Amino acid sequence: MFPNSILGRPPFTPNHQQHSNFFNLSPTVYSHQQLIDAQFNFQNADLSRAVSLQQLTYGNVSPIQTSTSPLFRGRKRLSDEKNLPLDGKRQRFHSPHQEPTVVNQIVPLSGERRYSMPPLFHTHYVPDTVRCVPPFREIPFLEPREITLPEAKDKLSQQILELFETCQQQISDLKKKELCRTQLQREIQLLFPQSRLFLVGSSLNGFGTRSSDGDLCLVVKEEPVNQKTEARHILTLVHKHFCTRLSGYIERPQLIRAKVPIVKFRDKVSCVEFDLNVNNIVGIRNTFLLRTYAYLENRVRPLVLVIKKWASHHQINDASRGTLSSYSLVLMVLHYLQTLPEPILPSLQKIYPESFSPAVQLHLVHQAPCNVPPYLSKNESNLGDLLLGFLKYYATEFDWNSQMISVREAKAIPRPDGIEWRNKYICVEEPFDGTNTARAVHEKQKFDMIKDQFLKSWHRLKNKRDLNSILPVRAAIQKR
């Protein structure tokens, strides 16, 4: 696998420090005035004065320019400034003699030091952007381990394997995303010097396709942030930075004010669409849990890919439209493989509780897949039989009304009584924080459509044993 470049991590601490807290020194906290100045910085501050930078190159495109605005050299106003609108002039706060504090001038502490985690909010709202993951070295990019693909002796299994080999994410696809992540991290650190940008989701968990979007998580501290206030504020600054400084490299940046706000954009160099969130720490943890499952048994990845393609073709794989997210679909496949009479997968969180505990320090989560050996199952079912069994399980066997899908427990468990689970049509437990990953399915019409598609596809595939009966293979391959 290749966690070191994507997530990065601090150097291993000396033995006598390894049991100490991840963060143990108090950082400098941004004042309310500094945060005002940080926003003001986007319009009026001279970045070349704020921090000394080398020109950044991005792919084969010319370097990013950091030229000085001619209107703001030093403190004295030029005559041209008189004609500027009010929001284009240098503003003073609290004191006519106070020079605005530039966030980029704050000097990060050395790599060996750690940071404590003070309370999230003070008496008035001040976004907390300093208590963050400690600095660490970038580590060379490592390619994922190769595993032998399963044999395919029947037609249906051969079709599934052909689809997988053609559509699975390639190393070259991942390297493009990693290049973008590296460059964006460098840019975002102009705003938040000690933040880190993580590649997460299908790009890294082993279940990506050639057309998979990139998911990025900006970590400013290792504890939750308020997504309605703090995360939106941080993403507003990032969005402005993308629009003003990176317009030559990023197109269509959009700030989406959802329950978990994101910035959506397209990288012009790699032509990859990205979603960027703030401090969705559970997304980093489940990326490496899923990655471990992906490479635990050689039938898992081909089966997941064909099911994602099938769901997408039948328009039941889009959480934004009230159907299943790809993450929920993956958990449903893993759950099915765990509940077979002869399981193909175990519960990793039960067998290796220390490796997959929510308490594992963030800079160590990438090590978990390296510590888990391949799982040897006595189940010899081929890919075709497993696909058919998956459709049958959710069409006829799983009790949607009273059961919840739990990969953590490796079985279907009774629904909890909590408010998040009441009146929900599909309940899929998130393995780390216990939330419902399928909460987007909130309309009975969409739920009935999902169930109906499971049932129809099961009948068709059972009768014809041809993947084309439920998914046009050629069209799916062309989409990649």
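1. Which side chains meet in a salt bridge at 3.3 Å, N to O? The side chains of K155 and D466 do; a salt bridge here is a side-chain nitrogen of Lys or Arg within 4 Å of a carboxyl oxygen of Asp or Glu. K155 lies in helix α4 and D466 in the loop between α13 and α14, so this pair ties together parts that are 311 residues apart in sequence. D466 is buried at 17% relative accessible area, while K155, at 48%, is partly exposed. (Buried means under 20% relative accessible area, exposed over 50%, partly exposed in between, with a 1.4 Å probe and protein chains only.)

2. Before going on, a word on what you are looking at. This is a predicted model, in which local features need pLDDT of at least 70 and side-chain atom pairs count only at pLDDT 80 or more, whereas totals for chains, interfaces and linings use all residues. Residues are numbered from 1 along each chain as its sequence is written, and side-chain values use heavy atoms, with hydrogens and water left out.

3. How far can you trust it? pLDDT is the predictor's confidence in each residue, from 0 to 100. Its mean over the protein is 77, and 70% of the residues reach 70 or more. Please take care with residues 1-35, where pLDDT stays under 50, and with residues 41-142, where pLDDT also stays under 50. The model has 114 contacts beyond four places in sequence for the stretch 1-35 and 230 for the stretch 41-142, a contact being heavy atoms within 4.5 Å. Where pLDDT is low, the predicted coordinates should not be read in detail.

4. Now the overall picture. The protein has 14 helices and 7 strands; these are DSSP runs numbered from the N terminus, helices being H or I with at least four residues and strands E with at least two. Of its 480 residues, 52% count as buried. Among contacts with a separation of 6 or more, 71% come from residues 24 or more positions apart.

5. Helix α12 is worth a visit. Its 15 residues, 383-397, reach 20 Å from first C-alpha to last, close to the 21 Å expected (1.5 Å times one less than the number of residues). Its buried residues include L383, L386, L387, F390 and Y394. Which elements cover them? Among them are helices α4, α9, α10 and α13, along with strands β6 and β7. At the start of α12, a side-chain oxygen of N382 comes to within 3.1 Å of the backbone nitrogen of G384.

6. Finally, look at R465, which is partly exposed at 28% relative accessibility.

How values were computed
Polar contact = N/O pair within 3.5 Å; in protein donor to acceptor, adjacent residues only side chain to side chain.
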